Amino acid sequence: MSYKINTTLIIGLGLIGGSLAKVLRHNRQFGQIIGFDRDSDETQLGVESGVIDSAATSLPDAVSIADLIILAVPVKAMENVLTDIAPFISEETLITDVGSTKANVVAAAHRVFGTIPTGFVPGHPIAGSEKSGVAAADETLFEQHKVILTPLAESSSAAVTILTSMWQSTGAEVLVMEIDKHDEVLAATSHLPHMLAFSLVDTLAQEQDNNTDIFRYAAGGFRDFTRIAGSDPTMWHDICLANKDALLTQLDRFTTGLANLRTAIECSDSETMLGTFTRARAAREHFSRILSGTAYSQDMSDKQVTFRAQPGGSVSGKIRVPGDKSISHRSIMLGSLADGVTEVTGFLEGEDSLATLQSFRDMGVVIEGPNDGEVTIYGVGLNGLKEPPGPLYVGNSGTSMRLLSGLLAAQAFDTELTGDASLTKRPMGRVADPLRLMGAEIETAENGRPPLKIKGGQALSGIHYDMPMASAQVKSCLLLAGLYADGETSVTEPAPTRDHTERMLTGFGYPVKQNGSTAAVSAGGQLHASRIDVPADISSATFFMVAAAIAPGSDLTLEHVGINPTRIGIINILRLMGADLELLNEREVGGEPVADIHIRYAPLKGIHIPEDQVPLAIDEFPALFVAAACAEGTTVVSGAEELRVKESDRIQAMVDGLKTLGVDIEGTPDGAIIKGGPMGGGVIESHDDHRIAMSFCVASLRATDTITINECANVATSFPGFVELAQTAGIKVEKEEG
Ligand code: NAP
């Protein structure tokens, strides 16, 4: 069936009908716009104010010539109107409505038509205001709002297509939903809040003595919150009755929540109060991220950020770079599973660690912050996690997904782990397979990709696992599952990987057996709350170490840097190149070795970088290429083919960029040969790779002209505040956003 629209009839010319008429008339894509209302003054006003082309005097006549009929009357009036129009519609007539509830409109249609016409597609614009009547018609009302269509089994797809394009022509986004789902969702998001607003204002207005004062001193927040209590009482009366069951369910849930809060206040139960408030605050942001499928920190994806660095200068002073990402993740996980309150400082407020934090909040853990890197975690003990209300969304964080899968495999409840589009492409089989060997039940999408559906209530047994490839995430995942498994769980790695999980478990008082390349845990232990000052990330510190090493006159101290033996390749390599670098104040924090790194300018010399140091400094090579370009002689990098499959092909990106600056450099399949010498300026493509961007920023210290670096938005996610800190230290860089 194909529909042709020459005449559109809108029945009920109030706020919604009038607004729709106005925009359709303006767009001129849906023929003549005729209005009908039981109040002829309204249609008269509609004609006079240009909302409609003409007013229908006889409903049967108007229906007979209409190709599209839109019912914009109150939900309670729908059945009468349908009865009135039924005798005059034809097979080609398209019919829709705008009612705020859907099941009752469809039930009315069933009663009136018996068999639903194929041209009938119910709908509901999620837009409106507390005004009513055609005088309030606003042709921008639906712009950037959602419209839900709830097609029936009988509805023809051509009808759905036309109505979709009609709503899109008003500037709305169209969604399709099942009828019951619509009524359930709207009961929670619209009908319940209206009940709260009506009831709150009514309750306060009945206060005997000081009700005028209450309203006189009410701040803006109260007015915003209660604005919807100004909505049309009859319409809301009708909606309550039309969506009674779904609304009652939501009212009951809310009443229980409010009663719990009341009890918490009565008993001065701070934990429940703070839990409710922090969860609620975080939930608002969390859901907007899920809905937009974006990450946790500020969404920079569509922002163009450019760094412009002026040549010369030196770095000096004492600075602290942001916290280590791996340790930030683990501080939340183990803090949540510990008994007692864990205080974390230096937490990296990057999107990945925030994803982990939110997941534990979703599982009932009360977590305050982060506030300037400070987080307070009210641990629930190893068996205290609660079933989350929905899937755990971890954004772009592979670490969160892989580590959490180990923990979740052992919980009593089912969970689902989901992420953004790019995480959904990454393989999870490497954790799901060994977890299944322990007895876990995990379903993945095709080829072991997310989402992961993890069945709760499985008894896990310890295994010994020889990792086929070196991966700290797989090792950590299995050790975390091992905290709950029967017997011992041990993991042997083919090459050393980061051991932050083992160290932090020990820091929380949980025994870990370490025997050469094998780490093992057994169930039955307990994690004791701890205080963790997350060490600064040595990978972030690297940019400043290289800056001080290459810029004459530099004298810089980097405070509280993690010097885990699996991460200190950069220190070893810079020393071999002749850097003047000393470790001060070496100490241990939560199982992790930490030091202040003092580095002063000294001329560097080219070396062949020992291949055994490459895995210990793999993330640091972009900055090391810059150090090599400033050294005397030739530096050879080999055995670093992994650099070609990082966020960008880092060998190519550095070779291209340094060549632009006039450096004599040649790429090889597994590294590069770099001859030190003078550096000019130029425009560099960072390929959205944060480490490439920061490395060229550091290079400016030895350049003779301005360096402009494109596509720097990602720097904010791994190193929040980089530009500001670089400026403080002495690098002449500016950030431009467009
Ligand atoms: P409104 O401004 O009061 O307009 C409704 C109009 O329909 C009034 O002019 C009313 O006339 C007329 N009407 C009532 N019964 C009729 C009948 N049997 N035949 C012909 N006309 C009749 O209300 P509205 O806000 O536009 O709401 C209309 C529909 O949109 C409702 O189903 C509502 O659930 C839905 N909706 C409203 C909003 C919102 O925020 N307002 C948002 C989304 C959807 P009288 O004034 O004489 O009763």
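Start by selecting Arg600 and Asp580: they form a salt bridge (a side-chain nitrogen of Lys or Arg within 4 Å of a carboxyl oxygen of Asp or Glu), with the closest N and O atoms 3.4 Å apart. Arg600 lies in strand 25 (residues 592-600) and Asp580 in strand 24 (residues 580-589), so this pair ties together parts that are 20 residues apart in sequence. Helices (H or I, at least four residues) and strands (E, at least two) are DSSP runs, numbered from the N terminus.

You are looking at a predicted model, where local features need pLDDT of at least 70, side-chain atom pairs count only at pLDDT 80 or more, and totals for chains, interfaces and linings use all residues. Residues are numbered from 1 along each chain as its sequence is written, and side-chain values use heavy atoms, leaving out hydrogens and water.

Now colour by accessibility. Arg600 is partly exposed, with a relative accessible area of 34%, and Asp580 is partly exposed at 29%. Here buried means under 20% relative accessible area, exposed over 50%, and partly exposed in between (1.4 Å probe, protein chains only).

Next, select Lys475, which forms a salt bridge with Glu502, the closest N and O atoms being 2.8 Å apart. This pair links distant parts of the chain, with Lys475 in helix 17 and Glu502 in helix 18, 27 residues apart. Both Lys475 and Glu502 are buried.

For a last stop, select Arg498, Asp619, Arg650 and Asp689, which are linked in a network of salt bridges. Across the whole structure, a search finds 27 salt bridges.
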